Amino acid sequence: MIFDTHAHYDDEQFDIDRAELLGQMEAGGIGTIVNAGSSVASWDKIIRLTEEYPFIYGAVGVHPDEVGELDEGKITRMAELLERDKIVAVGEIGLDYYWDKEKHDLQKKWFIRQIDLAREKHMPVIIHSREAAADTMEIMKDHAAGMNAVIHCYSYSPEMAREYVKMGYFIGIGGVVTFKNSKKLKEVVREIPLESIVLETDCPYLSPEPFRGKRNSSLNLPYVVQVIADLKETTCENVIQTTDENARRLYHLEKGTMTAGGEL
Ligand SMILES: [Zn+2]
């Protein structure tokens, strides 16, 4: 079954039909979901989702747009939440020079602080990086060497993707790969091994074609799978199985964990 490595079901866009939608995952072939954290306010909602749904795991972290709200007290709270069974990563964390909501120095400071916390806790990191390619690479090299990481919603060059793969990181591929103007990302998928790719939605954002612009959910991942299978000249089944194994390596989720289809 499909593993969605990055979703935001805590988002208010799901308030009207969250339970109904999550009830359709098993029938839709979605086995496991990791809900990424974005702000401090998202953490409690994520904990509740992981308690309510056996197949949902969580990450806690603060997105670069929101790091102005961080202080050491909140880092301590994060450290406590990371002790919980179903919290499997620190994220999403990183740099965003596109929205540029917080000063670059502040973004870097809290990016590094959250990486350090993940290292202390032996946990993987979910990286958000937009128009900050060089600074992200530098920080990953200096502070996250040897750690498990995914570069989520990857948007840079094939050369840089190869470099991240060499560093042992995973590349997160979602709806964007289905867009007609996504030549560079298709090139990335062709060039890196399937063993380094994980599937993600970033829902409610980034719906694949033919639903571009509409609210996204994990149920749309088969469209992403199809495009990756075509690019890699393999079967959808192979893409689903290999990316599921990759995601389990990334998040240290082994056999015996719960999926929407029952125990793995
Ligand atoms: Zn996200």
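**Close-up views of the predicted model**

**View 1. Phe 211 is partly exposed because its relative accessibility is 29%.** Buried means under 20% relative accessible area, exposed over 50% and partly exposed in between, with a 1.4 Å probe and protein chains only. Tyr 223, at 35% relative accessible area, is likewise partly exposed. The model is predicted: local features need pLDDT of at least 70 and side-chain atom pairs pLDDT 80 or more, while totals for chains, interfaces and linings use all residues. Residues are numbered from 1 along each chain as its sequence is written, and side-chain values use heavy atoms, without hydrogens and water.

**View 2. Aromatic pairs, of which the structure holds 7.** Phe 3 and Tyr 251 are stacked, 6.1 Å centre to centre with 25° between the planes. Phe 3 belongs to strand E1 and Tyr 251 to the loop between H9 and strand E9 (258-259), 248 residues apart. Both residues are buried. Phe 211 and Tyr 223 pair edge-to-face, at 5.4 Å centre to centre and 85° between the planes. Phe 211 is in the loop between E8 and H8 and Tyr 223 in helix H8, so this pair ties together parts 12 residues apart in sequence. (Rings of Phe, Tyr and Trp, the last by its six-membered ring, pair with centres within 6.5 Å; planes under 30 degrees apart are stacked, over 60 edge-to-face, the rest tilted. Helices, H or I of at least four residues, and strands, E of at least two, are DSSP runs numbered from the N terminus.)

**View 3. The zinc ion is coordinated by His 6 (NE2), His 8 (NE2), Glu 92 (OE) and Asp 202 (OD) at 2.1 to 2.2 Å.** His 6 lies in strand E1 (residues 2-7) and Asp 202 in the loop between strand E8 (197-199) and helix H8 (221-232), so the two tie together parts 196 residues apart in sequence. His 6 and Asp 202 are buried. Along the chain, the donors follow the spacing H-x1-H-x83-E-x109-D. (Donors are N, O and S atoms within 2.8 Å of the metal, or 3.2 Å for Na, K and Ca; water is not among the atoms, so sites may look incomplete.)

**View 4. Thr 243 in helix H9 (residues 236-250).** Thr 243 counts as buried because its relative accessibility is 1%. Beyond residues up to four places away in sequence, Thr 243 touches Leu 194, Ile 197, Val 198 and Leu 199 (contact: heavy atoms within 4.5 Å).
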